[in-house]
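Here's a friendly walk through a structure that may be new to you. Have a look at it first, then read on.

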Amino acid sequence: MNEDAIIAVRMPQPNVNDEEVTLVNWCVVDGGQAVEGQPLCEVETSKSVGEVPAPASGVVRQTARVGDIVAVGQIFAYVGPSIEAIDEYISSQEGWSPDDEVQQTREPPGATAGAIELARRYGIDPANVPATGKVRRSDVERFIARRGLTQPAGKPAAAPAPGNRLPPALADRVRDEGELSDHQSAIAEHLARTQARLVVAHAVMDASMEAATRWMNTKRQAGVITGPMPILLHAAAAAICSQPKLASFRLGRRVYRYRSIDIAYAARSSDGRLFTPVIRSVDNRGLDELASECGRLSMAVFRGQLEPADMSGSCLTISALSEHPVRLHVGLQNAYQSAILTAGAVHDELTLVDGKPAAIPTITLTLSYDHGLMDGWEAAAALEAARAAFEAIHD
Amino acid sequence: MIDGVRECLARALQLDAAVVSQISEATTAPDLPGWTSVAHLSLVLELEKTFGVTFANDEIVSMGSVAAILERLRAKTATMNDE
């Protein structure tokens, strides 16, 4: 870091589904010395308590207090060469003062901090945003989209961090397409951070779709709409029962295991945002119940009505691209998980049945796991358990 | 009411006119290959927008036929009329 540089520290997204966190402890006092990479504060998410490291070494100016709810992406501290230099810098920012920032982290009744932060950027009063109950960030995003609002020109965009500057040689070869949405950016940063902690390896196995197809067709004939996700959940639970390390994760040298087989699956909202609703106690539910729960949660995702409680605390994630002709689909683990099970689309595999060639509907399962926690033999055994459960379902 | 359901199915499942004209109260999900679990979510929103009703998230899974949809719509619109 340039010794004179002042860095605005924004709240990272510790979990893909968290829009806000609670600041529970400062590890460096106001005016104290932060060390790059060492804990700056502790935050509580919907899942757990974690540390936020200092992005650089220097003097810390806190702009949020313990107990504050801080939106992801919101500035909650500055790091610079001295308190005086930081305060002078802050004062130069369009009438901003530390007290203002602290005030902004207060959550007035009726809107989440994430909603307030986004509404403020667009000059919207959260009270004017239609919502069922408390105004959430997704309500504000819908409000903005429906009115075609654009972010008002204000302060010029901050200069990109050194690692994000465009190489001069590319300046004439590329076109600036603007910024990612907050949601996209948060997911990208979240996944990049999580992947940096894992030693990712993959195991791939084909599974026959014959039994699954029969089950889905039987349900459709009975007027029940379901895809393969309930069967994948059932298979993932079988894999975890076979290899409990799939429900574990590492933090440094310490290993934690989830007490319940709660499994998330990737689903998209009607405006294309990715969410991971969680089905609880998958190992204790039958396929019909899983189908019903998938339908309920998928509809909530599609409407943008998923509650934080529906997204927290899963031990593993499933992602399926059954709507696209993708055979091999490799997923990325979510925070505080070591594995993700993915499935591609159904395709026909030519095989011999009773000595005659036959086309068998097949799905390719991929288990991406943390090789720092389990080895390839264990992963293969777990995937085999998933395949066996997937192929053995019946009404 | 069934004409409105046909229009909703046409939009959500992106059906052409020839297929839409064949839709009747006896049509079920297996009759329309595009009626997948993902397309079904769009269909529910289309139905809600067209008929001014709201379905509970936990009742949509069992709406996999035109008859089931009409039954739900009739029950909801009857309740609305009573009010």
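## Where the chains meet

In this predicted model, 18 residues of chain B are in contact with 18 residues of chain A; contact means that the two C-beta atoms, placed from the backbone, lie within 7 Å. On the chain B side, helix H3 (residues 37-51) gives the most, with six residues. Helices (H or I, at least four residues) and strands (E, at least two) are DSSP runs, numbered from the N terminus.

What kinds of residues does chain B bring to chain A? By class, there are nine nonpolar, eight polar and one charged. Here Ala, Val, Leu, Ile, Met, Phe, Trp, Tyr, Cys and Pro count as nonpolar, Asp, Glu, Lys and Arg as charged, and the others, Gly among them, as polar.

## How to read the model

Residues are numbered from 1 along each chain as its sequence is written, while chains are lettered from A and ligands numbered from 1 in the order in which they are written. Because the model is predicted, local features need pLDDT of at least 70 and side-chain atom pairs count only at pLDDT 80 or more, but totals for chains, interfaces and linings use all residues.

pLDDT is the predictor's confidence in each residue, from 0 to 100. Chain A averages 85, and 89% of its residues score at least 70. Watch out for residues 94-109 of chain A, though, where pLDDT stays under 50.

## Inside chain A

Chain A has nine helices and 19 strands. Of its 395 residues, 41% are buried, that is, 20 or more other C-beta atoms lie within 10 Å of their own.

## A hairpin and a helix end

Strands E10 (residues 248-251) and E11 (residues 254-257) of chain A run antiparallel, joined by four bridges; strands pair if DSSP finds at least two bridges between them. Leu251(A) has Arg254(A) as its bridge partner. Two residues sit between the strands, and Gly252(A) takes a positive phi near 65 degrees.

Among the buried residues of helix H4 (residues 137-147) are Arg137(A), Asp139(A) and Phe143(A).

Terms used: Buried ≥ 20, exposed ≤ 12 C-beta atoms within 10 Å, placed from the backbone.
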